[in-house]
Amino acid sequence: MNFRKTTALALGLGLLLTGCAQSADGQQPAPAAEQKTAGQAEALATSETWAKAAESGMSAAFGILHNNSGTPIALRKISNAQGDQIQIHEMRGTGDGMTMAQLEGDLVIEPGKDAVLAPGGHHLMFMDLQEPLVAAQTARLKLEFADGSSTEVDFPIRNFDGANESYDEHAGDAHAGH
């Protein structure tokens with residue numbers, strides 16, 4: 001009889017602990033370190049990420065996005081908690097005629113390859129900052145892919161003069177600066 005009580009008590013305790021581990025909607029919570037949703041986002045590895053410090057107006061984020069999978073992944077949208085409009089930009093033209101403009105379509109990263117986001121090349125463009133990007137802080141960006149998966153990536157903010165890029169002068173979607 002003690003065996004039955006002990007077994008019933010153990011089962012009840014297990015159910016109680018399982019119930020405590022579930023969120024209000026009945027789903028198991030994701031581990032704190034897990035920031036990716038299933039799909040293309042799982043194939044993304046990032047390195048050397050950073051964002052240019054700015055008080056207001058425009059700025060940009062850079063880094064290396066690597067596709068660890070055997071199929072292409074397509075970065076479709078970037079957002080943040082501040083509600084900034086963030087676009088994927090590319091450089092067009094050559095020499096003095098170079099302009100930057102919003103990339104038409106997704107940024108496709110081929111299997112096993114990198115998409116390098118760098119000054120003078122592809123980059124993530126903050127169009128109208130809602131809050132300053134302060135050096136020594138971190139901007140957390142949500143990267144969303146064509147399959148609906150997403151991941152959050154930290155971009156440490158730093159001062160950068162570079163080639164004196166101007167992220168404030170633009171005409172429509174294209175603007176000079178790099």
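How many helices and strands does the protein have? The protein has one helix and ten strands.

## Basis of the model

This is a predicted model, in which local features need pLDDT of at least 70 and side-chain atom pairs count only at pLDDT 80 or more, while totals for chains, interfaces and linings use all residues. Residues are numbered from 1 along each chain as its sequence is written, and side-chain values use heavy atoms, with hydrogens and water left out.

## Overall layout

Read from the N terminus on, the elements follow the order α-β-β-β-β-β-β-β-β-β-β. Helices (H or I, at least four residues) and strands (E, at least two) are DSSP runs, numbered from the N terminus.

The protein has 178 residues, and 35% of them count as buried. Buried means under 20% relative accessible area, exposed means over 50%, and partly exposed lies in between (1.4 Å probe, protein chains only). The accessible surface of the protein is about 10,300 Å², and 52% of this surface belongs to carbon and sulfur atoms. Accessible areas come from the Shrake-Rupley method with a 1.4 Å probe; for residues, only the protein chains shown count as cover. Contact means heavy atoms within 4.5 Å. Among contacts between residues at least 6 apart in sequence, 66% join residues at least 24 apart.

## Nonpolar cores

A nonpolar core is a set of buried Ala, Val, Leu, Ile, Met, Phe, Trp, Tyr and Cys residues joined through side-chain atoms within 4.5 Å. The largest such core has 29 residues, of which Leu65, Leu75, Leu107, Leu124, Leu141, Leu143 and Phe155 touch the most other members. Strand S9 supplies the largest share of this core, four residues. A second, separate core has eight residues, including Met91, Met100, Met125 and Met127.

Leu143 is one of the residues named for the largest core. Not counting residues up to four places away in sequence, Leu143 touches Leu44, Leu65, Leu75, Lys77, Ser149, Ser150, Thr151 and Val153.

## Largest pocket

The largest pocket has a volume of about 220 Å³. Of the 15 residues that line this pocket, Asn80, Gln82, Thr138, Ala139 and Arg140 are the closest to its centre. S9 and strand S10 (150-158) are the elements that give two or more residues to the lining, and S9 gives the most, with five residues. By type, the lining divides into six nonpolar, four polar and five charged residues.

A pocket is found on a 1 Å grid over the protein atoms alone, as an open set of points where a 1.4 Å probe fits, with protein on both sides within 12 Å along at least five of seven lines; lining residues have an atom within 4 Å of a point. Grid points are joined across faces, edges and corners, and a volume is the space filled by probe spheres set on the points. Ala, Val, Leu, Ile, Met, Phe, Trp, Tyr, Cys and Pro count as nonpolar, Asp, Glu, Lys and Arg as charged, and the others, Gly among them, as polar.

Asp114 is in strand S7 (residues 114-117) and is partly exposed, with a relative accessible area of 45%. Leaving out residues up to four places away in sequence, Asp114 touches Ile64, Leu65, His66 and Ile109. Asp114 and Leu65 are 49 residues apart in sequence, and their C-alpha atoms are 5.5 Å apart in space.

Glu144 lies in strand S9. With residues up to four places away in sequence not counted, Glu144 touches Ala74, Leu75, Arg76, Lys77, Ser79, Ser149 and Ser150. Ser150 belongs to strand S10 and counts as buried because its relative accessibility is 11%.

## A loop residue, His122

His122 lies in the loop between S7 and S8 and is partly exposed, at 29% relative accessibility. Apart from neighbours within four places in sequence, His122 is in contact with His89, Glu90, Leu103, Leu107, Val116 and Leu117.

## Positive phi angles

Most residues other than glycine have a negative phi. Glu48, in strand S1 (residues 44-52), has a positive phi near 55°, and Glu48 is exposed, at 60% relative accessibility. Ala136 has a positive phi of about 80°. Ala136 sits in the loop between strand S8 (123-126) and strand S9 (138-145) and is exposed, with a relative accessible area of 78%.
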